[in-house]
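Hi,

Here is the structure I promised to send over. Have a look at it first, and then read on for what turned up.

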Amino acid sequence: MSETAQLDRQAQAKAGAATRAKPAVNLPEHIVEVISDSGEGAQRCGQSLASIAARSGNGIWTVEIIPAEIQPPARSVAGASGIRIRIGSKEVTNGGDETDLAVAFNEQVLLGRVRAGELKPGATILLESIWREHRDPAIVKSYNDTLAALTKSGFRVVEMPLEKECRALMTDARRGKNMFVLGMLCSIYSFDLQLARDQVALTFGKKDRSVIETNVKLLEAGFAWGEANLDFKYAIPATKSNVAQVVTNGNTAIALGVLASGMDICAMYPITPATSASHYLSECFEKVGGMVHQAEDEIAACAFAIGASYAGRCAVTITSGPGYALKQEGIGLAVMAEIPLVVVNVQRGGPSTGQPTKVEQGDLLTSVYGSHGDAPKVVMAVSGIEDCFYSMITARKIAETFNMVVVVLSDASLATAQAPFPRPTFSEEWLAPPVDQSPIPEGAKPYDWDAVTGIARRFSPGQPGGMHTVTGLAHDRMSKVAYDPQTNEEGLRARSLKLAALQKTLKTPPVFGDPEGDLLVVGWGSTKGVIEESVERMRAEGLKVSALHLRFIQPLPSGIGEILRRFRKVIAVEGGWGDRLEDELIDADNRRYTALAMMLRSRYLVDVDCWSEARGQPIKPGNVVKALRAKLDEGK
Amino acid sequence: MATPLSQSIIKLHEERHDLEDYQSGVPRWCTGCGDNAILAAVQRLCRDENLAPEKTVFVSGIGCSSRFPHYMKTYGFHGIHGRAFPIAEGVKMARPDLNVFVNTGDGDCCSIGAAHWIHALRYNMNMTVILHDNHVYGLTKKQASPTSPVGLKSNTTPRGSVLEPLNPLTVTLGVANVSFVAQAVDWIPELMYEIVSKAFHHRGFSFIRVIQRCPEFLPKMFEPWLHDPSKTLLLTHDNGLQPSADLGRIYKNQRAHDPLDIHRAREIASSEDPIPVGILYQDPKVPCYEDLRGAGKPRTVEAVRKGLDAEFDKFTIWPDEQGQERAA
Ligand SMILES: Cc1ncc(C[n+]2csc(CCOP(=O)(O)OP(=O)(O)O)c2C)c(N)n1
Ligand code: SF4
Ligand SMILES: [Mg+2]
């Protein structure tokens, strides 16, 4: 390219949207993904694109594509690292179906995605063309063969000289590709270039000016390249929200929720995919007088949180499956001694080390029934990013009101998914009151269980006259170790009654769609958006399908049984394993239902069927629709 | 002698406590169990230091020895097996104003809780820790413990234990940030009291290993030491113990040892016979984790509001220009 031509293009790019050569095709939504070897910045590119879209007023949902290893071999099918962004005209609540447009930094990571069936048939692919001229003939051949094969199978492949273009702007072109791609995508989706420049400045805000300038140059070059070289252009109409929105991922929202809940101490041990919540909390907690304690293991983290809760305000411990397993004995202690505790479990694929970076809803039953003996505790599941924030405040309140353990279930998909939600307005009521240090009236008992609710006032160290020893042993109202049958049942009853007392305060969850019909889909946790979108699609066809989403799973609010019974068929849709009747040995007598289906069947005596996927990927609405159709047709 | 007025005013306000103010219930330990002697020393310390019972917390794990908090009329936390340390750390972090004590057994501390023990030393939080080392699992009825001597016949080692015992003193003295290590024996109450008192006044993680008799399961274990005072080595120093003249007449095997000398401390610690009694090591300058982490800082509603708003600003998309300026 001649120097003048390049200057020209830059000028054009600076002029931004005004010089659009091609008319943009309007789309209601599009799914775009950027994939690269890890360390090439695809995620940063995608997150920036998502922010630009959100700032433009579009609905967004991001899904990170994370290889299990930190540094998988370069150019490998299993090493695909990147991000998928679903951009819509309206609010987006999940990652959606397959990708419409993919930008790939090499053909191998692209193959990984194609083989996994993640690209729509006929999808557009923008592929880095540097490999065409590689020294290694094997790489050249692989590139050419893949290109030919993809074109043959109907993909629209556009080659882009990514590295070559970037080399003109920076010495280590490999590190600049992501911002070039960001510019190109802004051109493709008709985003305002100035908005994109602002976003780059924000993204590199902590770095010095020259870094920002270089990246803005790359962005502009990418934008110009897109304008000049691509014969397609889209626009996804958007309406700007008139309220302030925050865009964060689920783990950040959890950390913000901890901050807002008035909890002081978070004890943790690093484990994917929970850790990033604690990373962020470590960053900001101390500014408001809190602290993150990285314990020597999860057992210690749980015990530390219990000790802190016992002596001060309710504490939180954040973990993921294997760490949750280690906390089980401590959770039993908190249940028995009635010490408030919030335990966050950001679920991942299991059992054992399983799929650390991938999503699975596998820990519901261990949360509800886990620990040992009869250990009633509250189990909530967050259903979206905003819910991650507010659930922490609710969890802390419940824990302290009922002196109970509250388990909050999130998962790997929500951990990294970004979506906007209205900026919360701080309320003093969110915070925990100061630790009660008032004297205990004479004759008051540390476990004076209320006859109806089972709740007892907690005595905290420092309160004169309240001295007693809490214990994990069976104890009487004075907290004295007691083995007699009557006292044992008295304690069990009180601890169990507290769940009922909480249950009486819970509202029946709303039905999404008509209150009765042919099929009800029940879900919990991160699948809310997918399920509701699937149900919406079917309702648009006139099918009588509705959905019910559960935020509280232990206790289950009143009124659910009635809802289930108003539908001809009920099916639970979950992201965990459930036996499939197609398997030769599986029948009604031995089928292991998915977790929620099992719980609903046993509680309501309703024939709740289940459909599930445990592929380590967020469930796609298209797959849910297929399953629901099959369920509707069953027996016809 | 007349008491100055200012002092009598203080006395009026300051409640003095008697031994009974710290005693709760009748200990259920076997007759002759060394835990009784530890309890007596600790109750005496509480009285002498006039500790506010409501500001004092005893944390324990599980075992005969971990019943300890139930016998104190203070706050107590009888936890789960092996986890007394992290529970106590949580208590101290949330409430650095409380006096925190830990009672743990040789199984509780050196076996199931060993990881926590190592890290508790490293955290060096201000608490007084008593390891009730009876060389056996008492509560579960006589199994070998990590401190059981080779050859000990127990229910899990009927032909005699085969492993070398772990030495809690040398272990503690090998951990980064160790700040106070002492050893006491349950049968010399005077020294036990002195040691517990020194430990209490040390700011940091004060670790006392008490050799504790379990007459129920190991009735003869420490007979030789009881009968022959020369098998006990008293560690004396201006900064350590100064045994009374009476005691000095019985326990003539004495050695001056400066608690600042960690190399000498390690050497002494490795001696099983004679048993060293006294302060092996003390470094008052090791920082406490709760101080490093700013525990006990007051937290105001305003601070949370401001902090939260500042965090939200980082992620906010404002609907209008004016908002964008606010975010900048
Ligand atoms: C998780 C767990 N494992 C095992 C036990 C059983 N248990 C209770 S006390 C104990 C050992 C006690 O020995 P030690 O700590 O030396 O205390 P001692 O009774 O000798 O004072 C064991 C194994 C338990 N309570 N919890
Ligand atoms: S069994 Fe041993 S340690 Fe336990 S109370 Fe009896 S004498 Fe003491
Ligand atoms: Mg023992």
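Let's start with a proline: A:P273 sits in the loop between β10 (265-268) and α10 (275-284) of chain A. (Helices, H or I with at least four residues, and strands, E with at least two, are DSSP runs numbered from the N terminus.) The peptide bond that joins A:T272 to A:P273 is cis, with omega about 0°. Another cis bond runs from A:G350 to A:P351, with omega near 5°, and A:P351 is in the loop between β13 (341-347) and α13 (364-369) of chain A.

Some housekeeping before the rest. This is a predicted model, in which local features need pLDDT of at least 70 and side-chain atom pairs count only at pLDDT 80 or more, while totals for chains, interfaces and linings use all residues. Residues are numbered from 1 along each chain as its sequence is written, chains are lettered from A and ligands numbered from 1 in the order in which they are written, and side-chain values use heavy atoms, with hydrogens and water left out.

A:S479 has a phi near 70°, a positive value in a residue other than glycine. A:S479 lies in the loop between β17 (469-471) and α16 (485-503) of chain A, and counts as buried at 2% relative accessibility. (Buried means under 20% relative accessible area, exposed over 50%, and partly exposed in between, with a 1.4 Å probe and protein chains only.) In chain B, B:N124 is not a glycine either, yet has a positive phi of about 50°. B:N124 is in the loop between α5 (114-123) and β4 (127-133) of chain B and is buried, with a relative accessible area of 0%. Back in chain A, helix α19 (residues 595-604) has several buried residues, among them A:L596, A:M599 and A:Y604. Just after α19(A), A:L605 takes a positive phi of about 50°.

Chain A is assigned domain 1 (3-235), domain 2 (246-421), domain 3 (439-505) and domain 4 (511-633); bounds like these come from an automatic or database domain assignment. The centres of domain 3 and domain 4 of chain A, taken over C-alpha atoms, are 39 Å apart.

A search of the whole structure gives five cavities of 30 Å³ or more. Here a cavity is a set of points, on a 1 Å grid over the protein atoms alone, where a 1.4 Å probe fits but cannot get out, and lining residues have an atom within 4 Å of a point. Grid points are joined across faces, edges and corners, and a volume is the space filled by probe spheres set on the points.

The largest cavity has a volume of about 200 Å³. Of the 24 residues that line the largest cavity, A:V359, A:S413, A:S526, A:P618 and A:I619 are the closest to its centre. β3 (59-65) and α15 (412-416) of chain A are the elements that give two or more residues to this lining, and β3(A) gives the most, with three. By type, the lining of the largest cavity has nine nonpolar, eleven polar and four charged residues. (Ala, Val, Leu, Ile, Met, Phe, Trp, Tyr, Cys and Pro count as nonpolar, Asp, Glu, Lys and Arg as charged, and the others, Gly among them, as polar.)

The second largest cavity holds about 110 Å³ of space. Its lining has 13 residues, and A:A337, A:E338, A:Y447, A:R458 and A:F459 lie nearest its centre. Eight of the lining residues are nonpolar, two polar and three charged. Domain 2 and domain 3 of chain A both give residues to the lining of the second largest cavity, so this cavity lies between them.

Last, the ligands in chain B. The magnesium ion (ligand 3) is coordinated by B:D106 (OD), B:N134 (OD1) and B:V136 (O), at 2.0 to 2.2 Å. Donors are N, O and S atoms within 2.8 Å of the metal (3.2 Å for Na, K and Ca), and water is not among the atoms, so sites may look incomplete. B:D106 and B:N134 are both buried. B:N134 is also one of the residues around ligand 2, including B:W29, B:C30 and B:F217; a residue is near a molecule if one of its heavy atoms lies within 4 Å of it. The shell around ligand 2 divides into seven nonpolar, two polar and one charged.

Cheers

Terms used. On a 1 Å grid over the protein atoms alone, a cavity is a set of points where a 1.4 Å probe fits but cannot get out, and a pocket is an open set with protein on both sides within 12 Å along at least five of seven lines; lining residues have an atom within 4 Å of a point.
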